[in-house]
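Have a look at the structure below before reading on.

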Amino acid sequence: MDGIQLLKSQRALVTGASSGIGKAIALGLAKAGAKVIVNYRAGGEKAALVVDEIYDVGGEALAIQADVSSEHEVQEMFRQAVEAWGSIDILVNNAGVQVDAPFHEMTLEQWNTALAVDLTGHFLCSREAVKEFKRRGIVPELSRALGKIIAISSVHDTIPWAGHANYTAAKGGVKMLMKSIAQELAPEGIRVNAVSPGAIKTDINKSVWGNPEGMEGLLKLIPAGRIGEVEDIAKAVVWLASDEADYMTGETLYLDGGMMLYPSFRTGG
Ligand code: NAD
């Protein structure tokens with residue numbers, strides 16, 4: 001365990017935590033003292049490795065399978081989590097997919113798949129988390145908040161993205177879902193925020209950074225001159241989940257090396 005334990009004894013659930021950003025968030029929360037549910041949809045071996053890594057750093061974790069787009073699987077996951085650890089204090093909605101296609105060729109199935117995971121998944125998990133926060137009541141020795149929800153959105157909740165209309169529609173929806181429930185739940189002490197990554201080196205975008213031309217094109221979009229690392233996101237999530245961010249709700253942290261700064265205007269315009 002390193003550093004101050006900002007999240008000591010809190011119980012976190014991270015969706016899609018067997019790879020990429022979700023895995024780094026699970027590890028980051030564990031290092032900050034939280035017990036972590038490592039949710040995965042398929043491939044229990046990878047989730048088990050994340051659980052092992054968390055125990056290796058002195059943390060505590062449990063893998064639970066569930067498809068975040070399935071109402072009954074999400075409800076069953078929360079039932080198992082509460083049975084195991086008594087409650088949940090932090091939810092990180094990280095699971096996501098890209099199902100890309102030119103707009104005129106996009107099938108209804110491609111549209112529905114992206115919306116189901118990237119937006120409905122946030123709704124289903126957040127609703128179960130809020131029910132659980134309210135059932136449990138405040139535990140002042142754990143946190144000033146009744147509960148914390150963090151949405152992993154994207155710079156594409158704001159930047160349009162050709163060929164990805166379903167993904168951007170879902171992420172734009174996540175932004176307003178986050179803000180609306182933050183407004184609704186703030187009086188009860190539930191904080192809801194988002195982290196919107198720019199380009200982070202994970203499997204989801206390997207086809208871009210995995211070849212020199214792709215990486216060169218990508219770096220033109222990032223004023224900071226580097227692709228993001230998963231830890232860049234995990235550190236912000238730990239802070240947002242902690243009482244250090246107690247006065248923050250309904251906000252989005254864009255962690256993007258400046259991608260939102262219209263980089264082409266540095267030399268043009
Ligand atoms: P990733 O593919 O490694 O992670 C996505 C995870 O979600 C995987 O573990 C996958 O198995 C899981 N998942 C997919 N469908 C699921 C379902 N129905 N139920 C449960 N889990 C499911 O990619 P990543 O880059 O780590 O993506 C994590 C999040 O970050 C996503 O929401 C993505 O949109 C967002 N994001 C990533 C980037 C980036 O550059 N990598 C940028 C902006 C936003």
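## Surface and overall shape

The chain has an accessible surface of about 12600 Å², and 55% of that belongs to carbon and sulfur atoms; such areas come from the Shrake-Rupley method with a 1.4 Å probe, and for residues only the protein chains shown count as cover. This is a predicted model, in which local features need pLDDT of at least 70 and side-chain atom pairs count only at pLDDT 80 or more, while totals for chains, interfaces and linings use all residues. Residues are numbered from 1 along each chain as its sequence is written, and side-chain values use heavy atoms, with hydrogens and water left out.

Eight helices and seven strands make up the secondary structure of the chain (DSSP runs numbered from the N terminus: H or I of at least four residues for helices, E of at least two for strands). The radius of gyration is 18 Å, close to the 18 Å that the globule rule gives for 269 residues, so the chain is as compact as a globular protein of that length. That radius is taken over C-alpha atoms, and the rule is 2.2 Å times the number of residues to the power 0.38.

## Inside the fold

Of the 269 residues, 48% are buried (under 20% relative accessible area; exposed is over 50%, and partly exposed in between, with a 1.4 Å probe and protein chains only). The largest nonpolar core has 37 residues, and Ile 25, Leu 29, Val 38, Ile 54 and Val 237 touch the most other members. Such a core is a set of buried Ala, Val, Leu, Ile, Met, Phe, Trp, Tyr and Cys residues joined through side-chain atoms within 4.5 Å.

Elements that each supply at least two residues of this core include helix H1 (20-31), strand S2 (35-40) and helix H8 (230-241). H8 gives the most, with eight residues. Beyond its neighbours within four places in sequence, Val 237 is in contact (heavy atoms within 4.5 Å) with Ile 25, Leu 29, Val 92, Ile 150, Ile 152 and Val 195. A second, separate core of 33 residues includes Leu 13, Trp 85, Cys 125 and Ile 181.

## Aromatic rings

There are two aromatic pairs (Phe, Tyr or Trp rings, using the six-membered ring of Trp, with centres within 6.5 Å; planes under 30 degrees apart are stacked, over 60 edge-to-face and the rest tilted). Trp 161 and Tyr 167 are edge-to-face, because their ring centres lie 5.8 Å apart with planes at 70°. Trp 161 is partly exposed at 31% relative accessibility, whereas Tyr 167 is buried at 9%.
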